[in-house]
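Have the sequence and the 3D view ready as you read.

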Amino acid sequence: YVNVYNRLQVETLEMFATRVSKNIKKSSHSWEKEVSFILLQFINGLKYLQAQGIEEISSSSLEYFLMVRDDKDPHYRIVMLEDHIKKPSTTKVMSLCSTGLSALLLLFQCENPVQKVMSLSPGDRIELPELTPSVGMFKTMCELLQRSSSMALGQVKSMLEYMLWGPNDIAFEFIEEHKREEELQRWLDLERATVLNNLIRTKGWLCNIELAVFEEYHLLFLVQTCAKMLHEASMLFESEVSCM
């Protein structure tokens, strides 16, 4: 079959990383948000492959994750060329976690990220350039992906979602440990109601809503997450902040 799309801007991850590298220092906060969202979509694609029982893909697979955007949407959507990824053209393969780590390094302007990841030895520490206020969080993601555990992709996904949409107004240091999930559940219930109400007010009833890709992922986060997942993500953040 043939899919017909509207006119789109198309870039590879490498093209995007090269293009935006000149503007990083001018707006590190907006760059961090954009890179977090791109990486979140990439990790979701890897989790989709993982759910199909795929554990390794071609070392050249980064080329087959394309970034597309139309004139109406300010954010890129990641499109995965699934056939090319599932049928590798080379004999060199990487784990899904290593592929995610390569994408992160590429977005952080690291040279030859695939070769760098494939040459890592156990215990090697990856250093990231200080391009973003939350670079420590991305270093934690690197460490999680290096371990290549079955849970690593999910943990990185939770961290990225927390960075993009999680609560930033809860003072955890003043909340007893056993009450954290209760507080996060209250925040989640209120956030769900607020976002849904804003969508209906600005775009009409749900059956007529056309979501931009960022709104789509925001809603998926609110629907799929729970207080326990938010708690685990917040603990990863706290462990990183305590080391800074």
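Two residues are in contact here when they have heavy atoms within 4.5 Å. Helices (H or I, at least four residues) and strands (E, at least two) are DSSP runs, numbered from the N terminus. What you see is a predicted model, where local features need pLDDT of at least 70, side-chain atom pairs count only at pLDDT 80 or more, and totals for chains, interfaces and linings use all residues. Residues are numbered from 1 along each chain as its sequence is written, and side-chain values use heavy atoms, leaving out hydrogens and water.

Let's begin with α6 and α7. In α6, the residues M137, F138, T140, M141, L144 and L145 meet A152, L153, Q155, V156, M159, L160 and M163 in α7. This contact is made up of 11 nonpolar residues, 2 polar and no charged. For these classes, Ala, Val, Leu, Ile, Met, Phe, Trp, Tyr, Cys and Pro count as nonpolar, Asp, Glu, Lys and Arg as charged, and the others, Gly among them, as polar. The two axes are 9 Å apart, and α6 and α7 pack at an angle of about 165 degrees. Axes are lines fitted to C-alpha atoms, for helices over the stretch in contact, and angles run from 0 to 180 degrees between N-to-C directions. Helices α6 and α7 are therefore roughly antiparallel to each other; the naming rule is under 35 degrees for roughly parallel, over 145 for roughly antiparallel, 65 to 115 for roughly perpendicular, and oblique for the rest. The crossing of α6 and α7 is left-handed, a word used if the near helix is turned anticlockwise from the far one by less than a right angle, with right-handed used if clockwise.

The loop between α6 and α7 holds S148. Phi of S148 is near 55 degrees, a positive value in a residue other than glycine. Most residues other than glycine have a negative phi.

Now turn to the other partner of α6. Helix α4 (residues 96–107) and helix α6 (residues 135–147) have axes that come within 8 Å and cross at roughly 155 degrees. That makes α4 roughly antiparallel to α6. Their crossing is left-handed. Here C97, G100, L101, L104 and L105 of α4 meet F138, M141, C142, L145 and Q146 of α6. By class, this contact of α4 with α6 has 8 nonpolar residues, 2 polar and no charged. Beyond α4, N112 lies in the loop between α4 and α5 (113–118). N112 is not a glycine, yet its phi is positive, near 45 degrees.

How do α7 and helix α9 (residues 213–224) pack? Their angle is about 115 degrees, with the axes 11 Å apart. That makes α7 roughly perpendicular to α9. The contact is made by K157, E161, L164 and W165 of α7 and F214, Y217, H218, F221 and Q224 of α9. It divides into 5 nonpolar, 2 polar and 2 charged residues.

A search of the whole structure finds 1 cavity of 30 Å³ or more. On a 1 Å grid over the protein atoms alone, a cavity is a set of points where a 1.4 Å probe fits but cannot get out, and lining residues have an atom within 4 Å of a point. The largest cavity has a volume of about 40 Å³, where volume is the space filled by probe spheres set on the points, and grid points are joined across faces, edges and corners. Its lining is S158, E161, Y162, F221, T225, M229, L230 and A233. Helices α7 (152–165) and α10 (227–241) each supply at least two residues of that lining.

Conventions: On a 1 Å grid over the protein atoms alone, a cavity is a set of points where a 1.4 Å probe fits but cannot get out, and a pocket is an open set with protein on both sides within 12 Å along at least five of seven lines; lining residues have an atom within 4 Å of a point.
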